[in-house]
Amino acid sequence: MIKFDNVSFSYSARQILKDVSFSVGLNEQVAILGGSGEGKTTILKLIMGLLRPDSGRIMIDDEDITDKTEEELRDVRLKFSIVFQEGALFDSLSVKENVAFCLREYTAKSEDEIDIKVRELLRTVGVEHALELMPDELSGGMHRRVAIARSLAAFEPRMFLYDEPTSGLDPVNADNICRLILELSKDGMAEEIKRGFMIVTHKVSDAMKVAERFIFIKDGMIVFDGNREGFLNADITDIRIFLSELNFCLGGGADV
Amino acid sequence: MKAKELLRELQDFYILSLRGLAGIVRKPFYYKDTIEQMDYAGAGSFVIIILVSFFVGMALSLQLSAELSRLGLKMYTGMIVGISVVRELGPVVAAIVFAGRVGAGMASELGSMVIGHQVDTFRVFGVDPVKKLVTPRIISSIIMLPALTIIGDAFALLGGYYITVFVSQQSGTFYWSSISDILIFENVFAGSVKPFVFGYLIACICCYIGLSTKGGAIGLRQSTTRAVVASIIAIIVTDFMLTRILLYVLGFSV
């Protein structure tokens, strides 16, 4: 369980989050929506302990991580797998080396075992053919897929955190990434949720494809937190503007 | 910048510098990264250092020959070129070239890694970015800058030789014997200490500024510029302080 308790955060003089409170189970499928610069990515970074809040407490599985050191945060971070916007692959390493990074760093596997594992992971995300390519030779969609494979390499995360996983992608690639996100959260054909995820996006159509719970942020505060039906019927101007994208796609025009 | 912010930045800089240095003796060791950085810093700067040093040596020799011949003291050209190059110009010129090429590269590379969340990814994977990114750059700088300085000194003296012999029409044998006379422990030591200090400073300053990058392309541009400017100022100021200390320690009277 992730719990934010009156968390505030600011960059220099600009306040990003204002007394934000929410709780999310690690097996939930959550979308955090909001405009650019509203603090969506900041929430993911706070969960991972990459940023420290100015005030308030952050609890992960009833463990207060607010003041933990980098060393102490390591175990907490193992519960999550974060995929940053654009993938954040290491420029100087090939796709294979990127995916093998954690395997080499934290396991005693031989090079042959690492090679088999890397191929298996790349096959899972559908980019096995990119094994020897460098990150600058990959398309946007492949970047995200390799990043997802890398995040699965050495750890068994309980929850995925995706930062704008479909931004800058064409509709086909964006749809494929959404499918992959759903596949990875489910336990094979059992349709049972194995791992939850939190997806940060401003593309409401993608959020609709994957999430069950929706959190909307405006001016650093949560203005909506609820299920799909509640979100679709929310009487909040900014949400109506976001949803007009869906209506427009369905031929209904803007309904603000 | 407010005094409080400046103090915080200084504190962060000192902490990063000390942690980077401590990383040299603390596991894990990133040998491959260190070798890559040494190749980039050393082999990559080799030709530039040779070129710059050779021309600095020639210009210095020209100026000295012109002035000393008016006083009838042309025979001292080799000696003064030697002392200037070994004790002062060689280390400073090599360090400035190093800051411009390698330091700028460090700041822009680390800055782009920060912007692209690669540094955050290291932290997520439990890898200490200081050990992984800063320590290899410190090691490469404190090894390669002294090596480049020695090579630069040799080519500056060669440039001086060319002017002294072929332009100023002096004896080449006398030029080299003057040089060999001044290559005593005090002079060589005074010139040898500086590159190690400069290398450490350049690596720490450029890594710190690179890792503090904020924003996009403009932030990266500002970081790279700041890193080079701060490194050059640090080199010049530290050079003065080191010269003062070394002259005192080695017993030179001023």
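## Basis of the description

Two residues are said to be in contact if their C-beta atoms, placed from the backbone, lie within 7 Å. The structure is a predicted model, in which local features need pLDDT of at least 70 and side-chain atom pairs count only at pLDDT 80 or more, while totals for chains, interfaces and linings use all residues. Residues are numbered from 1 along each chain as its sequence is written, and chains are lettered from A and ligands numbered from 1 in the order in which they are written.

The predictor assigns the complex an ipTM of 0.86 and a pTM of 0.88. Among the elements of chain B, the highest mean pLDDT, 96, belongs to helix α6 (residues 129–167) of chain B, and the lowest, 92, to helix α7 (residues 172–182) of chain B. Helices and strands here are DSSP runs, of H or I over at least four residues and of E over at least two respectively, numbered from the N terminus.

## The sheets of chain A

Strands are taken to pair if DSSP finds at least two bridges between them. On that basis, an open sheet of 4 strands in chain A has the order β2-β1-β4-β5, with antiparallel pairing. Its edges are formed by β2 (14–24) and β5 (63–64) of chain A, each of which has a single partner strand, so one side of each is left without a neighbour in the sheet. Strand β1 (residues 2–11) of chain A runs antiparallel to β2(A) and is joined to β2(A) by 7 bridges; Phe4(A) has Phe22(A) in β2(A) as its bridge partner. Helix α1 (residues 40–47) of chain A lies across β1, β2 and β4 (55–60) of chain A, and runs at about 120 degrees to β1(A), where axes are lines fitted to C-alpha atoms, for helices over the stretch in contact, and angles run from 0 to 180 degrees between N-to-C directions.

An open sheet of 6 strands in chain A has mixed pairing and the order β6-β7-β8-β3-β9-β10. Here β6 (80–83) and β10 (221–227) of chain A stand at the edges with a single partner strand each, so one side of each has no neighbour in the sheet. From one strand to the next, the twist averages 15 degrees. Within this order, strand β7 (residues 159–163) of chain A pairs with strand β8 (residues 196–201) of chain A in the parallel sense over 5 bridges, and Phe160(A) stands opposite Phe197(A) in β8(A).

## The helices of chain B

The secondary structure of chain B comprises 9 helices and 0 strands, and the C-alpha atoms of chain B fill a box of roughly 70 × 35 × 35 Å along the principal axes. Of the 254 residues in chain B, 43% are buried, a residue being buried if 20 or more other C-beta atoms lie within 10 Å of its own, exposed if 12 or fewer, and partly exposed in between, with C-beta atoms placed from the backbone. Among the contacts in chain B with a separation of 6 or more, 87% are between residues 24 or more positions apart.

The axes of helix α1 (residues 3–22) of chain B and α6(B) come within 8 Å and cross at roughly 80 degrees. The two helices α1(B) and α6(B) are therefore roughly perpendicular to each other, in a scheme where angles under 35 degrees count as roughly parallel, over 145 as roughly antiparallel, 65 to 115 as roughly perpendicular and the rest as oblique. Leu16(B), Arg19(B), Gly20(B) and Leu21(B) of α1(B) make the contact with Val130(B), Val134(B), Thr135(B) and Ile138(B) of α6(B). By class, the residues of this contact divide into 5 nonpolar, 2 polar and 1 charged, with Ala, Val, Leu, Ile, Met, Phe, Trp, Tyr, Cys and Pro counted as nonpolar, Asp, Glu, Lys and Arg as charged, and the others, Gly among them, as polar.

## Two buried residues of chain B

Thr149(B) lies in helix α6 of chain B and is buried, with 27 other C-beta atoms within 10 Å. Leaving aside neighbours within four places in sequence, Thr149(B) is in contact with Gly90(B), Pro91(B), Ala94(B) and Pro195(B).

Cys204(B), in helix α8 (residues 185–211) of chain B, is likewise buried, with 24 other C-beta atoms within 10 Å. Not counting residues up to four places away in sequence, Cys204(B) touches Leu16(B), Ser17(B), Gly20(B) and Ile138(B).

## Where the chains meet

Between the chains, 10 residues of chain B are in contact with 13 residues of chain A. The side of chain B that touches chain A has 3 nonpolar, 5 polar and 2 charged residues.

Conventions:
pLDDT = per-residue confidence, 0-100.
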